[in-house]
Amino acid sequence: MKESQQSMMQHSEVKIRLLKLYLERYLNILSASRHFGDIHIYDLFCGEGIYKDKDKGSPIIILETIKDIFFAKKANGNQPDKFNCLFNDIEKWKIEKLQTEIGTRKLHYPEIGKLNFFQIDYRNLLPQIINEINSLKKEKAFVFIDPYGYKDIKVADLKSLLQSKKSEVLLFLPTQFMFRFENKGTPECLVDFISELMPVDQWPESETGIDFIENLTEAFRKSLGIDYFVDSFIISRDKNKFFCLFFFTSHIYGFDRMLDSKWKIDEEEGRGWEYQSENSLFNNVEKEANTIKFEQKLIAFLKNERTNSDVYQFTLHNGHLPTHANEILIKLQTDGKLSALNSDDSKARKSSFYLNYKDYKNEPKRIKLKIK
């Protein structure tokens, strides 16, 4: 068995941290909304839940998070929605160990929702999951796919999981291994994977592992189309060795929350994580978001009149947070370079740009912005 399957390596720890941050943010919002019903969570390569070094794997993190959200809402006198979880791993002993850990830690009670365990090959289980998600009405689904390799991952399956627009998918891919084989006797499974995205002879050459991830992210975006948001989070295991989490959603607020989670981990770029030794001189240095390139793009975008909704969407599509855009806009306004008007053409309140999901949904044309 691989070391990373027995003990939690640093890149795996970051992967789980991003999962936890996202679930805390997004599930809290979903459970507080009256527009959604039950929430369904699928961990399709769940493992045993606890590594041999006692670090927590994805199923334990998922159950701890939903337990905290459920009982916090109940303590406030509200009726929580149900959280229905499905954990799958093809190895029976892993599921048995996971069930023991859940019982020992008292992580689940029937009132929280359904808890199902499967020991089925991912490819055989997937049609059932797709059918369940496509039959949802008010409910939402989150699917975590952390495979042992990538030969079973098909782009068509991602599209099927997303087609009802009721789900978000977080997918881990060993992109370093995919890149390594890209130009060195490309294996059939990689050829098949790429051919689902575009003709293989049109695949752009990648000089580095980062190039490969960026090419793959762009290929996912083009393949899924404008109705979906696609983003990546790069994890550097060693120097020049990059792995990646890919996030897919049709819901702009889900995308908003994932970006927020990414920037919590990478405070400078919101792009990824790289290894630093515990004694690194840079560990305790206060970090600031690098918004120089984004500022240039935003200024160019605002040469034409834009609404608060336009700027909110533009900001997210460029991988930045509304707080970054607000800081830039305040600076431009202070320097007398920005015009900000209400919808009736009266002067807008200073430093208020309404770049958030609530105003995007309810008052998308609340103000108009343009570079003077």
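1. Arg-257 counts as buried because its relative accessibility is 17%. Buried means under 20% relative accessible area, exposed over 50%, and partly exposed in between (1.4 Å probe, protein chains only). The model is predicted: local features need pLDDT of at least 70, side-chain atom pairs count only at pLDDT 80 or more, and totals for chains, interfaces and linings use all residues. Residues are numbered from 1 along each chain as its sequence is written, and side-chain values use heavy atoms, leaving out hydrogens and water.

2. Arg-257 sits in helix H10 (residues 252–265). Helices (H or I, at least four residues) and strands (E, at least two) are DSSP runs, numbered from the N terminus. Not counting residues up to four places away in sequence, Arg-257 touches Tyr-22, Arg-25 and Tyr-26. Contact means heavy atoms within 4.5 Å. Tyr-22 is 235 residues from Arg-257 along the chain, yet their C-alpha atoms are separated by 6.4 Å.

3. The structure holds 20 aromatic pairs. Rings of Phe, Tyr and Trp (its six-membered ring) pair if their centres lie within 6.5 Å; planes under 30 degrees apart count as stacked, over 60 as edge-to-face and the rest as tilted. Phe-45 lies in the loop between strand S1 (39–43) and helix H3 (58–75), and Tyr-148 in the loop between strand S4 (140–145) and helix H6 (155–162), so the pair ties together parts that are 103 residues apart in sequence.

4. Phe-45 is buried, at 12% relative accessibility. Tyr-148 is partly exposed, at 37%.
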